[in-house]
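Please look over the sequence and the structure shown here before reading on. The notes that follow are grouped by topic.

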Protein chains: 2
Amino acid sequence: MIVLLGGSGYVGQAIQEALSLAGHRCSVLSRKQLDYTNVDLLTAYLRDNRPEFLINAAGYTGRPNVDACELHKTECLTGNAVLPGVIRNACEAAKIPWGHVSSGCIFTGARPDGSGFTESDPPNFSFRQNNCSFYSGTKALGEELLEGAEQCYIWRLRIPFNEYESPRNYITKLLRYDCLLEATNSLSQLSEFAASCVACWTKKVPFGLYNLTNPGSVTTRDVVELIVRNGLSKKQFRFFDSEDQFMQLAAKTPRSNCVLDSSKAIAAGLPLSPIHDALEKSMKSWVPAPK
Amino acid sequence: MIVLLGGSGYVGQAIQEALSLAGHRCSVLSRKQLDYTNVDLLTAYLRDNRPEFLINAAGYTGRPNVDACELHKTECLTGNAVLPGVIRNACEAAKIPWGHVSSGCIFTGARPDGSGFTESDPPNFSFRQNNCSFYSGTKALGEELLEGAEQCYIWRLRIPFNEYESPRNYITKLLRYDCLLEATNSLSQLSEFAASCVACWTKKVPFGLYNLTNPGSVTTRDVVELIVRNGLSKKQFRFFDSEDQFMQLAAKTPRSNCVLDSSKAIAAGLPLSPIHDALEKSMKSWVPAPK
């Protein structure tokens, strides 16, 4: 049996599906059932129930977007930095292997030669660089608390999307925003991300840090072009003149835009398809939200 | 009635005494009695009991020193950054005024002209500067979570000492360490610090940030000279050649050495005597620990 924390969230639901597809029994543990932010309660639960594996998909993301984290710093710090540390302590005490859903948003830009950041590059969009959103700062601290963790996967997600219209889906966001910021990013097709998390455990991939983004990167204009070509929208998309203008008019805190290198994940056999293929596939089977 | 969190600690005990001296009834709330890291439980407690004021003297300090915080990052982040945020949320929900024991260790050095940092200077020894210990980083984040807090005092303590020999007392530390680091610091005489916290509430001092250090600063050699002159030790004190040597031989993480300006506290009438007087007074009435 695999225990899943944060199972009702956008990422957690995708992981539930991936576990089910891979034939795993999954127990979704809610905070109402057990206050798993309390290390003693979580350790006792793990010792009593002895799951084969635990997945943490719980975390604090701002609604409607990352700006909201600037107003809810306590909750954001608790959910994204302290919680992984608590789970680590509990899992190590109970000797349960586990995986943590982290984020690629602890990076900005790309390597000087334009290639993506690998798992050996230190985060460059964090409190320690003092150039980040509060959200990114807490996610980077969360990874810092997992340094040297035993039997632990850290899975970095970046801007999830799939074929289902949803306020959390990148494609939906581009369709709904009045004005867009041109930027280059790696992205994660959500069900491939979730399947990759599950495959880490199923295939006994070595523990450690994995960038779980689809190979390659895209610009915002690339994605808009695919949206138009696939008939998802006929509207005239507008773009901010610059990141400065975006920050002035639309954002309260800087965004992470970055390219990640997922070759470690690919070499481990994780199912991540090239980003253009993944985007095209989601758009070709686009499912609008029920009105 | 005033509620005190962290009442059994080194600072908390001094605050208990100061409250008693000022004629206040104080209820020391332990985490065994109430898990006050849980915002819902703390809010309910405050609504039910309606204390006139709350003091947070709880926090995570490494034992025997700050190096230990590098090994217990989760506990350190929880105790020093998240806890003040949780208390803020609970106190604001229940409309209870309160004060938080912060630390001056979120600064390093002095202003360019050698004067001390005031309450309007941003911390310069923090995650955001990436030059700090994990402990200092969490203390600075704790203050960040209190930005804009309602009816809240933030009291900065720096290197406490008094007349009682104790492993937490700066004078004791200088007496016991094999080798010392020469540095310039502001210090806090512990009972004056505690009396100042209490006086903020009693005298209805405006809410906000206060550097509660004794006016002035001292070098390590100044304090050693006072130690020798007052007959506390006859030993030959040794000093590291440099901070680099100290970091190589004795420390795992950088120390904050800094000068703070306490004129805001003095102008508010808080009982902080000049640092040389306070040191001399503690040494003249020195009480060795029972063997």
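In which loop of chain A is the place of Lys95(A)? Lys95(A) sits in the loop between α3 and β4 (98-103) of chain A, where helices (H or I, at least four residues) and strands (E, at least two) are DSSP runs, numbered from the N terminus. The model is predicted, with local features needing pLDDT of at least 70 and side-chain atom pairs counting only at pLDDT 80 or more, while totals for chains, interfaces and linings use all residues. Residues are numbered from 1 along each chain as its sequence is written, and chains are lettered from A and ligands numbered from 1 in the order in which they are written.

**Backbone features**

- Most residues other than glycine have a negative phi, and most peptide bonds are trans.
- Lys95(A) is not a glycine, yet its phi is positive, at about 55°.
- Lys95(A) counts as exposed because it has 11 C-beta neighbours inside 10 Å (a residue is buried if 20 or more other C-beta atoms lie within 10 Å of its own, exposed if 12 or fewer, and partly exposed in between, with C-beta atoms placed from the backbone).
- Asn130(A), which is not a glycine either, has a positive phi of about 50°, and it is found in the loop between β4 and α4 (134-145) of chain A.
- Asn130(A) counts as exposed, because it has 12 C-beta neighbours inside 10 Å.
- A cis peptide bond with omega of about 0° joins Arg63(A) and Pro64(A), and Pro64(A) lies in the loop between β3 (53-56) and α3 of chain A.
- In chain B, a cis peptide bond joins Arg63(B) and Pro64(B), again with omega of about 0°.

**Contact between the chains**

- The contact takes 16 residues from chain A and 15 residues from chain B, two residues being in contact if their C-beta atoms, placed from the backbone, lie within 7 Å.
- On the side of chain B that touches chain A, α3 (73-94) and α4 (134-145) of chain B each supply at least two residues, and the largest share, nine residues, comes from α3(B).

**Relation of the two copies**

- The same surface serves both copies, since 100% of the contact residues of chain B recur in chain A.
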